[in-house]
Amino acid sequence: MSEQSKPKVAEHPVAARQIARARAWGALIGFVLVYWLSRRAGLPFPESGARALVGGLVCRLLAWAAVVTVWRQLIPAQIAAARRRNAS
């Protein structure tokens with residue numbers, strides 16, 4: 001496939017929704033987990049909050065990267081399956 005005809009993950013309707021959902025959950029889980037761990041370690045509220053914000057952003061980025069990687073493999077597989085269905 002040439003670069004121009006490659007499908008884009010952002011244009012796939014299901015992938016776009018799942019990526020947005022994974023980013024949101026990643027951010028929420030990262031924020032809560034880092035905040036809880038910071039408070040448990042005895043850090044004051046402002047420092048715990050700052051660390052939680054950074055943790056949420058990092059987890060959001062990691063969740064996005066993971067889901068995009070999966071969808072980059074799924075989209076060509078879906079296209080190939082559709083072509084096989086149409087050919088037979």
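Because the model is predicted, local features need pLDDT of at least 70 and side-chain atom pairs count only at pLDDT 80 or more, while totals for chains, interfaces and linings use all residues. Residues are numbered from 1 along each chain as its sequence is written, and side-chain values use heavy atoms, with hydrogens and water left out.

Helix α1 covers residues 13-40, and helix α2 covers residues 45-87; helices here are DSSP runs of H or I with at least four residues, whereas strands are runs of E with at least two, and both are numbered from the N terminus. Two packed helices are described by the angle between their axes and the distance between the axes. For α1 and α2, the packing angle is about 150° and the axes lie 6 Å apart, where axes are lines fitted to C-alpha atoms, for helices over the stretch in contact, and angles run from 0 to 180 degrees between N-to-C directions. The two helices are therefore roughly antiparallel to each other, a term for angles over 145 degrees, while those under 35 count as roughly parallel, 65 to 115 as roughly perpendicular and the rest as oblique. The crossing of α1 and α2 is right-handed, meaning that the near helix is turned clockwise from the far one by less than a right angle, with anticlockwise giving a left-handed crossing.

**Pairs of residues**

| Pair | Apart in sequence | C-alpha to C-alpha distance |
|---|---|---|
| Val54 and Ala27 | 27 residues | 9.5 Å |
| Leu62 and Val34 | 28 residues | 15 Å |
| Ala50 and Tyr35 | 15 residues | 8.7 Å |
| Leu33 and Gly55 | 22 residues | 8.2 Å |

Val54 is a residue of helix α2, and with a relative accessible area of 51% it counts as exposed; the term applies over 50%, whereas buried means under 20% and partly exposed lies in between, using a 1.4 Å probe and protein chains only. Leu62, also found in helix α2, is exposed at 55%. Ala50 likewise has its place in helix α2, but it counts as partly exposed, at 42% relative accessibility.

**The nonpolar patch**

Trp25, Leu28, Ile29, Phe31, Val32, Leu33, Trp36, Leu37 and Leu53 make a nonpolar surface patch of about 920 Å². Patches are made of residues with over 30% relative accessible area and no salt bridge, with nonpolar side chains (Val, Leu, Ile, Met, Phe, Trp, Tyr) joined within 5 Å and like charges within 9 Å; accessible areas come from the Shrake-Rupley method with a 1.4 Å probe, and for residues only the protein chains shown count as cover. Helix α1 gives the largest share of this patch, 8 residues. One of the patch residues is Leu33, which is found in helix α1 and is partly exposed, with a relative accessible area of 43%.

**The salt bridge**

Side chains of opposite charge can pair when their charged atoms come close. A search of the whole structure finds 1 salt bridge, defined as a side-chain nitrogen of Lys or Arg within 4 Å of a carboxyl oxygen of Asp or Glu. Glu47 and Arg51 form a salt bridge, with 3.0 Å between the closest N and O atoms. These two residues are 4 residues apart in helix α2, so that about one helical turn separates Glu47 from Arg51. Glu47 is partly exposed, with a relative accessible area of 33%, and Arg51 is partly exposed as well, with a value of 43%.
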